[in-house]
2 protein chains.
Amino acid sequence: MVRPGGRSARVQAAVHTAVRELASEVGRDALTVPLIAQRAGVTPSTVYRRWGDLQELLSDVAVERLRPETAPKDHGDLSSDLTAWAEQFLDEMSSPSGRAYIRDALLGDPDGSNAGQCSAYAAEQIDTILTRAAARGEGTPDVETVLDHVVAPMMYRILFRPDGLAPAYARRLATEVLGPDGR
Amino acid sequence: MVRPGGRSARVQAAVHTAVRELASEVGRDALTVPLIAQRAGVTPSTVYRRWGDLQELLSDVAVERLRPETAPKDHGDLSSDLTAWAEQFLDEMSSPSGRAYIRDALLGDPDGSNAGQCSAYAAEQIDTILTRAAARGEGTPDVETVLDHVVAPMMYRILFRPDGLAPAYARRLATEVLGPDGR
């Protein structure tokens, strides 16, 4: 656990910032632990002790970048909310930076916790949309069903079958999971 | 292109074999290019020239290991064929070695061709099952639909949400994609 405001939290913030700054300055492939440590004002051994290696550090930074910054927008009905969210998710995740973050999150993740966090972020956003719809009296699929039939196809194609991913694909998946009767 | 029987093909076979043997002898994390080259009877520079680095070599070997060895078994009807295939796919891909191969295939794959090959293998197997069903006069979904709603959810959960993956999950996905009327 990282105590907010504690030294541990300050080190993490400084190192994450250093990675993001250096990645945009020298490019991701030129990053090294000594370079990052110098920019963050810590010793390389601090980085190795805390993150193990560069790959694990990049994975942690990637998960931070993949954290949604806001709740899904409320368009007034489930179909509009889910369709808009799916389009935005595909747009962000299939962008060059999105693909790089997904890749980094998966690669330096020996115990799978970072990959699990990425999926938890998507599940939280979907849960917000479905809970809002239920409050309106709309029938809804459950979160796992939306993960299986909207999020999973998009993530699978981004990783394994990236050709021709378009907003219409995200819209179709969202519409189909709601069924002909909008549920 | 690798000419079958040519030196290039012999080098590839020897290096792939060396990787598989050494991985089982010393463990995947202890593999190095010099160690692999020595076992394969080639120089390390031959390996670097051909594969770039260890990660790319491991990715190529992983894709080879993920290549289906046989056509899907014919059980006489689409529902039985697709259900049995999905169960076997989940069992193989979610095994420790399956997960390691998927990971390797994705990681050392700068241009995405190895990940694409993994998806192409699944698409070919599904196409065999659907073509067989159509020849029996059965109605079938198309290959992309089965990839989206059977393969993608299994691969997404293996990578991002691995808890509680059971054969019943694969069966349910296969049954649902065929619809209530078995199509």
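**Reading the predicted model**

A: In chain A, buried residues make up 44% of the 183 residues, where buried means under 20% relative accessible area, exposed over 50% and partly exposed in between, with a 1.4 Å probe and protein chains only. This is a predicted model, in which local features need pLDDT of at least 70 and side-chain atom pairs count only at pLDDT 80 or more, while totals for chains, interfaces and linings use all residues. Residues are numbered from 1 along each chain as its sequence is written, chains are lettered from A and ligands numbered from 1 in the order in which they are written, and side-chain values use heavy atoms, with hydrogens and water left out.

Q: How many helices and strands are there in chain A?

A: Helices (H or I, at least four residues) and strands (E, at least two) are DSSP runs, numbered from the N terminus. Chain A has 9 helices and 0 strands, and its C-alpha atoms fill a box of roughly 60 × 40 × 25 Å along the principal axes.

Q: Which residues of helix 1 of chain A are buried, and what covers them?

A: An α-helix has 3.6 residues a turn, so residues three or four places apart point the same way. In helix 1 of chain A the buried residues are A:Ala9, A:Val11, A:Val15, A:His16, A:Ala18, A:Val19 and A:Leu22; their cover includes helix 2 (33-40), helix 3 (44-51) and helix 4 (54-66) of chain A. After helix 1 of chain A comes A:Gly27, with a positive phi near 90°.

Q: What span should helix 5 of chain A have?

A: The expected span of a helix is 1.5 Å times one less than its number of residues. For the 16 residues of helix 5 (residues 78-93) of chain A this gives 22 Å, which agrees with end C-alpha atoms that are 22 Å apart. Among the buried residues of this helix are A:Leu82, A:Trp85 and A:Phe89, and its buried residues pack against helix 4, helix 6 (96-107), helix 7 (113-135), helix 8 (143-160) and helix 9 (167-178) of chain A.

Q: Which part of chain A does the UniProt annotation "DNA-binding region" cover?

A: UniProt positions are given in the numbering used here, feature names are shortened, and annotations may be inferred rather than shown by experiment. In the unreviewed UniProt entry, "DNA-binding region" covers residues 32-51 of chain A, a span that is 80% helix and 0% strand. The annotation "domain: HTH tetR-type", also from an unreviewed entry, covers residues 9-69 of chain A, where the chain is 77% helix and 0% strand.

Q: How many residues does the contact take from chain A and from chain B?

A: Contact means heavy atoms within 4.5 Å, and here 29 residues come from chain A and 29 residues from chain B. Of the interface residues of chain A, 100% are also interface residues in chain B, so the copies meet through the same surface.
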